[in-house]
Amino acid sequence: MNDLTTVVETARAAFELAHTPAELENSKALFLGKSGRITEMMKGLAALSVEEKKSRGAAINLAKQGIEAALTARRQALADNELQAQLQAEALDVTLPGRQRGTGGLHPVSLTLERIEAIFGSMGFEVAQGPEIESDWFNFTALNTPEDHPARSMHDTFYVEGGSEQAPNLLRTHTSPMQIRHAVQHVKKHRAAAADSTAEGALFSGAMPEIRVIAPGRTYRVDSDATHSPMFHQCEGLWVGENVSFKDLKFVFTDFCRTFFENPDLVLRFRPSFFPFTEPSAEIDIQFPSGPLAGRWLEVAGSGQVHPNVIRNMGLDPERYIGFAFGMGPDRLTMLRYGVNDLRLFFDGDIRFLSQFR
Ligand code: PHE
């Protein structure tokens, strides 16, 4: 191997060792720079004869070209490496799900409440809202459930600060306090309009438009299993007039349920029961029309004719005014409608469950 072949091989090996463009340019200078090996060899030509110059010069040029070719190849290789590294760093996983703007939706129980309001609205019912922190008077006493009444034990709840000893505040256990709150407002308004002259505090027995209202909202009890949650929803219904009977309750509630479930053959069961604020009273059961629980009965509401003592607490004369009330569970209606067998799923906040109702 002559000295020129050696110098080309040495250059190639040196270029190979360069891992960055800067290193490569440094190596290049050792061979092709002003005092590089090739340049030095060219200077050596001066001492040679014309003949020798010719052949030696051509051979050096060949070597120079070899070195330049190796340099170009290495430059290209380094550029390729850099591109590869960059591509790898910026790699896209095209199998990842895209970043979308998610579509929201209403909670299944909200969907049910909207449906309830629409159906009762079409029957001429107003919608009223009331406080979740309620006083003992509206939640119990005004509803014919005085202190120490055994029916209070089924409504164990959370007592909160702010009330007095005689009338403590509590988280309402049902929406029935809205019967009193709404009726009292209604009576007050129409009593003024009727220019009623009876003594203040006396029961109103004049003429007034009927009370027809529903009151949906959150309620609380110390209860937790597949069909009970400590926070749940109720929707109260109240219709008070001069001739509103249990027959009307059966008609209105059955009609509501058949519309709600879009099933004209839906079967309801009015099961005799007891509530201090209604007499007679009934619990209303519905059969799961389909799904895994098909055929099973589920209680969806308490109901009855409003007790005369409650009519009195509304400020009305029970000799003139009668009516019915019901309190239903929208959470349970939602279970029935969608065939869900555990009510707690609605409040776990699991998006995989909830997004199915969008
Ligand atoms: N408030 C009762 C309950 O929560 C239900 C009910 C409402 C019963 C209205 C009769 C009339 O159990």
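The questions and answers below walk through the domains, strands, ligand site and some single residues of a predicted model.

Residues are numbered from 1 along each chain as its sequence is written, and side-chain values use heavy atoms, with hydrogens and water left out. In this predicted model, local features need pLDDT of at least 70 and side-chain atom pairs count only at pLDDT 80 or more, while totals for chains, interfaces and linings use all residues.

Reader: Hello! What separation lies between the centres of domain 1 and domain 2?

Author: Glad to start there. The protein is divided into domain 1 (2-89) and domain 2 (108-357), with bounds that come from an automatic or database domain assignment. Taken over C-alpha atoms, the separation of the two centres is 95 Å.

Reader: Is strand β5 largely enclosed or largely open?

Author: Strands here are DSSP runs of E with at least two residues, helices are runs of H or I with at least four residues, and both are numbered from the N terminus. Buried means under 20% relative accessible area, exposed means over 50%, and partly exposed is in between (1.4 Å probe, protein chains only). Eight of the ten residues of β5 (residues 211-220) are buried, so the rest of the structure leaves this strand largely enclosed.

Reader: Which residue of β6 is the bridge partner of T219?

Author: Two strands pair if DSSP finds at least two bridges between them. β5 pairs with β6 (residues 231-241) in the antiparallel sense, over ten bridges. In β6, the partner of T219 is F232.

Reader: Which strands stand at the edges of the open three-stranded sheet?

Author: That sheet has the order β2-β4-β3, with antiparallel pairing. Each edge strand has a single partner strand, so one side of each is left without a neighbour in the sheet; the edge strands are β2 (133-135) and β3 (159-160).

Reader: Staying with that sheet, what is the bridge partner of S135 in β4?

Author: β2 and β4 (residues 169-171) run antiparallel and are joined by three bridges. The partner of S135 in β4 is N169.

Reader: Now to the ligand: how much of its area does the protein bury?

Author: There are 14 residues around the ligand, and the closest are H174, S176, R221, Q234 and G327; a residue is near a molecule if one of its heavy atoms lies within 4 Å of it. An N or O atom in the side chain of S176 is 2.8 Å from a ligand nitrogen, R221 has a side-chain N or O atom 2.8 Å from a ligand oxygen, and a polar side-chain atom of Q234 lies 2.9 Å from an oxygen atom of the ligand. Taken alone the ligand exposes 320 Å², and the share that the protein buries is 94%.

Reader: How many disulfides are there?

Author: A disulfide is counted when two cysteine sulfur atoms are within 2.5 Å. The sulfur of C235 has its closest cysteine sulfur in C257, 12 Å away, which is too far for a bond. C235 is buried at 0% relative accessible area, and C257 is also buried at 0%. By this rule the number of disulfides is zero.

Reader: Which side chain does that of T112 make a polar contact with?

Author: T112 is found in helix α5 (residues 108-122) and is buried, at 0% relative accessibility. A polar contact is a pair of N or O atoms within 3.5 Å; within protein, one must be able to donate a hydrogen and the other to accept it, and residues adjacent in sequence count only if both atoms are side-chain atoms. At 2.7 Å, the side chain in contact with that of T112 belongs to T334.

Reader: Which peptide bond is cis, with omega near -5°?

Author: Look in strand β8 (residues 278-287), where P280 is found. The cis bond runs from E279 to P280.

Reader: Last one: is E262 buried or exposed?

Author: E262 lies in the loop between α8 (246-260) and β7 (268-275). Its phi is positive, at about 50°, although E262 is not a glycine. With a relative accessibility of 59%, E262 counts as exposed.

Key: Accessible areas come from the Shrake-Rupley method with a 1.4 Å probe; for residues, only the protein chains shown count as cover.
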